[in-house]
Amino acid sequence: MRNRAGRIGVKMKKIAVSLAGALILFTAACNQQASNTSSQSSAPADQSQAAAPATGGHTFTGEIMDSMCAGMGGHEQMLQGGKIKNAKECTLECAKMGAKYVLYNPATKTTYELDDQKKPEQFAAQKVTVTGSLDAATNTIHVESIAPAKS
Ligand SMILES: [Cu+2]
């Protein structure tokens, strides 16, 4: 009887040990997953930070435009209709119709998507400097700040 009780005790201990082991493994896996996802999202930022350590991000210059007109290379076609008076109105109107605010560089004809759709509104059709980090995979700037471009 004593022996049997002792064996059960050992068995219980073994189960407890293996449970603890599984828990440790599980926790480790979770931690790894968490660090994987965070390193994934911060990887592009790290790259740009290396190039511009002073601000912690890159600066991008261009004009705040709507994605629709940026796709056409400018507001010209929209303005031809006569309903819309100027670039600012066009940008705001196109955004209302579902276009996204983007940063458009007319010199290089480059369009960047912006992950912040609130800050750009007040700068519609203005030349600006956007500070942030670029996610090259999605061509999206993670916006830290927007300021009027010095001319
Ligand atoms: Cu437009």
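**Close-up 1. N139 sits in the loop between β4 and β5 (140-148).** Strands here are DSSP runs of E with at least two residues, and helices are DSSP runs of H or I with at least four; both are numbered from the N terminus. This is a predicted model: local features need pLDDT of at least 70, side-chain atom pairs count only at pLDDT 80 or more, and totals for chains, interfaces and linings use all residues. Residues are numbered from 1 along each chain as its sequence is written. N139 is not a glycine, yet its phi is positive, near 60°. N139 is exposed, because 12 other C-beta atoms lie within 10 Å. The classes count other C-beta atoms within 10 Å of a residue's own, with C-beta atoms placed from the backbone: buried is 20 or more, exposed is 12 or fewer, partly exposed is in between.

**Close-up 2. K109 lies in the loop between β2 and β3 (110-114).** Its phi is positive too, at about 55°, and K109 is not a glycine. Is K109 buried or exposed? K109 is exposed, because it has 10 other C-beta atoms within 10 Å.

**Close-up 3. Five strands form a closed barrel.** The order is β1-β2-β3-β5-β4, and the pairing is mixed. From one strand to the next, the twist averages 55°. Two strands pair if DSSP finds at least two bridges between them. Angles run from 0 to 180 degrees between N-to-C directions; axes are lines fitted to C-alpha atoms, for helices over the stretch in contact.

**Close-up 4. β1 (residues 58-66) pairs with β4 (residues 127-135).** The two strands are antiparallel and share six bridges. F60 has V130 of β4 as its bridge partner. L134 also belongs to β4. L134 counts as buried, because it has 20 C-beta neighbours inside 10 Å. The C-alpha atoms of L134 and G57 are separated by 8.5 Å, although these residues are 77 residues apart along the chain.

**Close-up 5. β2 (residues 101-105) joins β1 through four bridges.** This pair runs antiparallel. Opposite M65 stands V102 in β2. Strand β2 also pairs with β3, again antiparallel, over four bridges. Here Y104 faces T111 in β3 as its opposite residue.

**Close-up 6. Helix α4 (residues 87-96) lies across β1 and β2.** Which angle does α4 make with β1? The helix runs at about 80° to β1. Contact means that the C-beta atoms of two residues, placed from the backbone, lie within 7 Å.
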